[in-house]
Amino acid sequence: MLQKIGFQPGINKQLSETGAEGQWTDCDNARFRYGVPEKIGGWNQLGSLNQNELTGAGRGLHHFINSLSRKYAIIGTNRILYAFSGGVFYDIHPIQSTTVLTSAFSTTNGSPTVTITYSSSHGLIPGDILLMSNFSTITGSNYSASDFDDKKFMVTTAPTNTTITITMASNESGSGATTSGGITIKKYYTVGPAVQAQGFGYGLGSWGGEDGSAVTTTLNGALGDNAFGTGGSGTSITLTSTANFPDSGTNFILVGTEEISYTGVSGNVLTGITRAVRGTTRAAHSDGATVTNSTDYVAWGEAASGDLVLEPGMWSLDNFGDKAICLIHDGAVFEWDSSLSNATSTRATIISGAPTASRHMLVSTPDRHLVFFGTETTIGSPATQDDMFIRFSDQEDINTYIPTATNTAGTQRLADGSQIMGAIRGRDAIYVWTDTALFTQRFVGQPFTFAFAQVGTNCGLAGQNACVEVDGAAYWMSDNGFFRYAGKLESLPCLVEDYVYDDINFTSRDLINAGLNNLFGEVTWFYCTSGSNVINRMVTYNYLDSSPQRPIWTTGSLPRAAWQDSAVFDKPHATYYDSSSNTSYDVIGNTDGCTIYYQQETGTDQVNAGGVTTAVLGTITSGDFDITQRRASTGQVVGTPDLRGDGEFIMRISRFIPDFITQTGSTRVSFTTRTYPNSSSTTSNFDITSSTTKKDTRIRARSIALKVSNTAASQDWKLGTFRLDIHPGGRR
């Protein structure tokens with residue numbers, strides 16, 4: 001007798017396959033629309049064959065249309081800031097410094113390594129990007145101007161404070177050169193590492209094993225964001241006092257969040273220093289900054305819970321009219337004017353008067369203030385950066401931040417939490433998250449400009465980009481679940497919560513990013529699983545079709561490092577970070593991976609530059625179902641309460657009738673059979689086309705799970721209602 005089989009929309013991973021009868025339990029590259037599952041759309045790579053991979057990990061993405069009606073995508077990787085328009089990528093990264101060198105190059109026959117010698121301390125680290133020009137001949141080398149001029153290189157090593165090495169695209173075929181040839185080098189602003197990793201040294205926080213009797217003093221002279229000592233040179237640091245600081249062996253000091261080792265003491269000077277040790281991040285420190293002896297901190301070097309986490313290179317991106325506003329995480333902020341006639345050949349420049357160290361930034365609307373979060377209490381002094389401090393500009397003026405009686409600039413410090421994690425614009429307020437709470441920031445005009453209110457506790461944001469806003473509601477991922485705020489705080493019921501939270505890498509929390517896909521009413525969070533420090537999984541909530549009683553969630557393996565919805569361009573755009581490929585089109589010697597820029601929801605497959613097509617394999621799997629008994633007298637269906645037992649009878653399926661709402665190409669239908677929940681399973685596969693009317697089978701089992709998938713390119717499917725010809729096959 002033919003029997004319809006139907007399943008509730010959404011994935012349920014909180015139950016076993018047997019317990020999730022009548023529900024779907026697993027999927028990949030699939031979604032639900034109007035209650036039925038379908039394969040997601042494909043994606044096409046943007047850019048040309050000659051501009052196919054960007055340098056580094058794409059962590060920031062922002063779309064806008066300027067006053068000339070030109071569409072732009074601003075893409076920030078951990079190495080370079082790009083503008084994308086008209087199918088072309090433009091390098092708009094800001095230049096930090098320009099150095100003219102003579103007698104600069106040393107080469108060796110048969111080697112691609114070139115040593116560049118500076119006349120003074122260079123302050124460079126491996127991974128920094130250098131743009132070169134004005135090459136003059138290297139004696140004894142086959143390298144010429146075409147190998148250097150208008151070319152970007154990644155620093156390979158920095159052996160000394162006056163030398164670096166770069167890796168050429170080809171080996172030296174000349175006899176080799178020693179300190180000859182000239183070059184002009186433009187150094188790009190450093191953004192940060194491609195991944196977020198755990199540092200060493202349990203106890204950098206006030207909770208973690210700190211020696212309460214540690215000696216403190218202050219710096220006598222500033223330290224730059226470089227590898228050197230006081231004043232930006234040498235290997236010594238001058239303190240106000242070195243009294244009671246250890247003076248034998250290798251010892252350690254803590255300045256801000258940077259640890260520095262030293263090997264000797266001479267008067268008030270620490271000698272033999274090494275910057276940014278034991279997994280900490282190098283930074284600039286002002287004269288008078290506190291210095292703590294960290295030699296005796298408990299458990300330094302042990303990778304234990306609570307250790308320092310090194311933040312990745314990230315951007316906050318927005319636009320102030322025609323100007324793209326671009327903030328390096330924990331760094332400076334820049335502007336790029338897209339309305340200039342030669343805009344694509346110009347670079348972003350630092351915004352004068354603005355804070356120089358901030359965690360996050362956005363432009364408020366419609367009042368148009370530039371707002372900084374986790375920023376400096378004293379503008380221009382990175383050492384005063386306060387992770388809970390907010391500063392906003394004068395209205396319509398991104399260069400004025402000092403409050404006066406005649407402007408609307410101002411500041412605010414939040415109270416609940418230890419750091420501001422992120423912020424987004426909402427319909428009538430800015431939502432601001434700390435690591436523990438949610439605040440709203442509403443424009444109220446003079447004299448206060450903004451009003452701040454705490455609207456949620458124990459609901460902090462997991463990472464800077466783990467939140468979106470749509471239709472007046474904010475959705476975000478926290479350490480302890482998914483939340484929604486639309487006038488009141490709500491915890492989202494989630495039937496895949498354990499699956500996500502039991503296998504998420506929260507060390508890489510800042511890589512979590514939420515993407516809105518309004519074409520399908522979806523919010524997706526992309527995250528790293530345990531053991532991975534690159535994005536490799538996603539979880540999606542369907543906010544249009546979900547209800548508290550029936551939330552619709554899906555999971556999948558689509559890896560996207562940044563996402564932007566289809567408001568400006570016709571389809572969503574996203575970045576994919578490939579850490580295994582260094583073949584970026586624009587940087588020689590790249591060792592930091594590549595980013596591919598995709599247009600989503602296009603076609604059925606992944607299509608890369610040059611038309612290289614890879615199948616997008618969509619799949620969905622049901623929980624186990626067993627035979628439905630019918631009363632002989634009435635034919636009435638008897639469900640789970642059947643007195644003869646649920647699943648007592650072996651079922652026999654002699655045929656099934658497939659039903660697809662839409663179908664392109666062949667679709668595979670599989671049945672996985674079990675006699676008992678813990679017994680081994682057997683799978684039978686049937687390939688279905690649009691002309692298939694039925695399939696005869698010889699399936700026999702106590703319980704059966706249905707799986708629908710595609711196995712090749714140019715295949716698409718949207719499931720209808722299947723019918724199975726089921727008969728009792730006896731008791732076992």
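1. Aromatic pairs. The count of aromatic pairs comes to 35, where rings of Phe, Tyr and Trp (its six-membered ring) pair if their centres lie within 6.5 Å. Planes under 30 degrees apart count as stacked, those over 60 as edge-to-face and the rest as tilted. One of the pairs joins tyrosine 143 and phenylalanine 148, which are edge-to-face with 6.2 Å from centre to centre and 90 degrees between the planes. Tyrosine 143 counts as buried at 3% relative accessibility, and phenylalanine 148 counts as buried at 0%. Here buried means under 20% relative accessible area, exposed means over 50%, and partly exposed lies in between (1.4 Å probe, protein chains only).

2. Basis of the values. This is a predicted model, in which local features need pLDDT of at least 70 and side-chain atom pairs count only at pLDDT 80 or more, while totals for chains, interfaces and linings use all residues. Residues are numbered from 1 along each chain as its sequence is written, and side-chain values use heavy atoms, with hydrogens and water left out.

3. A second ring pair. The rings of phenylalanine 372 and tyrosine 401 have centres 5.6 Å apart and planes at 65 degrees, so this pair is edge-to-face. Phenylalanine 372 lies in strand 33 (residues 370-373), and tyrosine 401 lies in the loop between strand 34 (389-392) and strand 35 (410-413), so the pair ties together parts that are 29 residues apart in sequence. Phenylalanine 372 is buried at 0% relative accessibility, and tyrosine 401 is buried at 1%.

4. A ring cluster and the main core. Ring pairs link Tyr475, Phe482, Tyr501, Phe506, Trp525, Tyr541, Tyr543 and Trp553 into a cluster. Which residues touch the most other members of the largest nonpolar core? They are Tyr475, Trp476, Met477, Phe482 and Trp525, in a core of 64 residues. Strand 41 (residues 473-478) gives the largest share of this core, five residues. Apart from it lies another core of 21 residues, among them Ile116, Met132, Phe153 and Val155. A nonpolar core is a set of buried Ala, Val, Leu, Ile, Met, Phe, Trp, Tyr and Cys residues joined through side-chain atoms within 4.5 Å. In soluble globular proteins, nonpolar side chains tend to be buried together.

5. Methionine 477. Leaving out residues up to four places away in sequence, methionine 477 touches Gly460, Leu461, Ala462, Ala466, Phe482, Val500, Tyr501, Ile504, Ile512 and Trp525. Contact means heavy atoms within 4.5 Å.

6. Methionine 421. This residue sits in strand 36 (residues 420-425) and is buried, with a relative accessible area of 5%. Beyond its neighbours within four places in sequence, methionine 421 is in contact with residues including Arg359, Trp433, Leu461, Ala462 and Arg509. Methionine 421 and proline 193 are 228 residues apart in sequence and 19 Å apart in space, C-alpha to C-alpha.

7. Glutamine 23. Is glutamine 23 buried or exposed? Glutamine 23 is buried, with a relative accessible area of 14%, and belongs to strand 3 (residues 23-28). Its side chain makes a polar contact of 2.9 Å with the side chain of asparagine 12. A polar contact is a pair of N or O atoms within 3.5 Å; within protein, one must be able to donate a hydrogen and the other to accept it, and residues adjacent in sequence count only if both atoms are side-chain atoms. With residues up to four places away not counted, glutamine 23 touches Phe7, Gln8, Asn12, Leu15, Ser622 and Gly623.

8. Lysine 151. Lysine 151 lies in strand 16 (residues 151-160) and is partly exposed, with a relative accessible area of 29%. Its side chain reaches the backbone oxygen of serine 146 at 2.6 Å. Lysine 151 and asparagine 220 are 69 residues apart in sequence and 40 Å apart in space, C-alpha to C-alpha.

9. The whole chain. The chain has two helices and 64 strands; helices (H or I, at least four residues) and strands (E, at least two) are DSSP runs, numbered from the N terminus. The radius of gyration is 30 Å, close to the 27 Å that the globule rule gives for 732 residues, so the chain is as compact as a globular protein of that length. That radius is taken over C-alpha atoms, and the rule is 2.2 Å times the number of residues to the power 0.38. Buried residues make up 53% of the 732 residues.
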